Amino acid sequence: MKIAILSRNKKLYSTRRLQEAALARGHEVDIIDTLHCYMDISSNKPSVRFKGEPLPQYDAIIPRIGASVTFYGTAVVRQFEMMGSFSVNESVAISRSRDKLRSMQLLSRKGIGLPRTGFAHSPDNIKDLIANVGGAPVVIKLLEGTQGIGVVLADTNKAAESIVEAFMGIKANILVQEYIKEAGGADIRCFVVGGKVVAAMKRQGAPGEFRSNLHRGGSATLVKLTAVERATAVAAAGAMGLNVCGVDLLRSSHGPVVMEVNSSPGLEGIEAATSKDVANMIIEFIENKKSKPHSTKTRGNG
């Protein structure tokens, strides 16, 4: 097959591993910088151009769309879909998962475990917003934050009120969530491919850090999932309509709760922690789909 990897940087671990896996299985692979693509949408034959030339027809594309380029990146993915290329994750599903509020609402509608969450822009009663998620300590998140940036833990109700007021002052949209103390600063990343959890790791935050992101000094180890955790991860991926994703869970006293569903999960941490060839599993999934023109189907609802 002819496969395109949409990535800003061909030297990134995940991009390199996907390229290596595809080449090892006998496929042609191009790495294309998403932001340097431009689209011809004026004719009845949609195309994507790159460096002054139209790109060829690809059997499949693997979007590695960073959060900062979601709007343009999903437009490029959508153009490839219109051209008939199979997208590992479709544009609509990527957009769903990137919108923290929309994704929480969709997961809630499906009855998937979540931390108690409030959403606000200019609440008239900040005390009630905080009390409604169980009171301090609470986690306050900027809706547009990534990799733990814009996430604050407020230990007291007074501190939480001050932080909410500060975010209101800059007209920011925020989520207020209950703090899952029993998680002990750790979460579980479940890597889902084709409706199955193919690998899982426990990420432990650095000493004194409640955020477990590897970008913030966290460590990763192999973890054994319970049947409920596995089912929760698969259900969360299905609710978003994602074929490949990372589902981040916390182990709470009332069962697993989903913190985020990531449509472009990194491969380095999960492959190192589990010794599994996740990149190869993604390429194998594409092969098993027997990708045909216009075979990308909208999955999920909302």
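Asp187 counts as buried, because its relative accessibility is 7% and buried means under 20% relative accessible area (exposed is over 50%, partly exposed in between, all with a 1.4 Å probe and protein chains only). Before going further, note that this is a predicted model: local features need pLDDT of at least 70, side-chain atom pairs count only at pLDDT 80 or more, and totals for chains, interfaces and linings use all residues. Residues are numbered from 1 along each chain as its sequence is written, and side-chain values use heavy atoms, with hydrogens and water left out.

Back to Asp187, then: the residue sits in strand β12, which covers residues 186-193. Its side chain has a partner, too, in a 2.8 Å polar contact with the side chain of Arg203. Polar contact here is a pair of N or O atoms within 3.5 Å; within protein, one must be able to donate a hydrogen and the other to accept it, and residues adjacent in sequence count only if both atoms are side-chain atoms.

Zooming out, the chain holds nine helices and 16 strands. These are DSSP runs numbered from the N terminus, with helices being H or I over at least four residues and strands being E over at least two. The chain has 302 residues, and 51% of them count as buried. Take the contacts (heavy atoms within 4.5 Å) between residues at least 6 apart in sequence: 67% of those join residues at least 24 apart.

Now for helix α4, residues 100-109. Lys100, Leu101, Ser103, Met104, Leu106 and Leu107 are buried in this helix. What do the buried residues of α4 pack against? They pack against α3 (91-98), β8 (117-120), β9 (138-142), β11 (174-178), α7 (227-240) and β16 (255-262). After α4 comes Gly111, with a positive phi near 75 degrees.

Four of the five residues in β9 are buried, leaving the strand mostly covered. Pairing of two strands requires at least two bridges found by DSSP. On that basis, β9 pairs with β10 (residues 151-154) in the antiparallel sense over four bridges, and Lys141 stands opposite Val151 in β10. β9 also pairs with β11 in the antiparallel sense, over five bridges; there, Val139 has Gln177 of β11 as its bridge partner.
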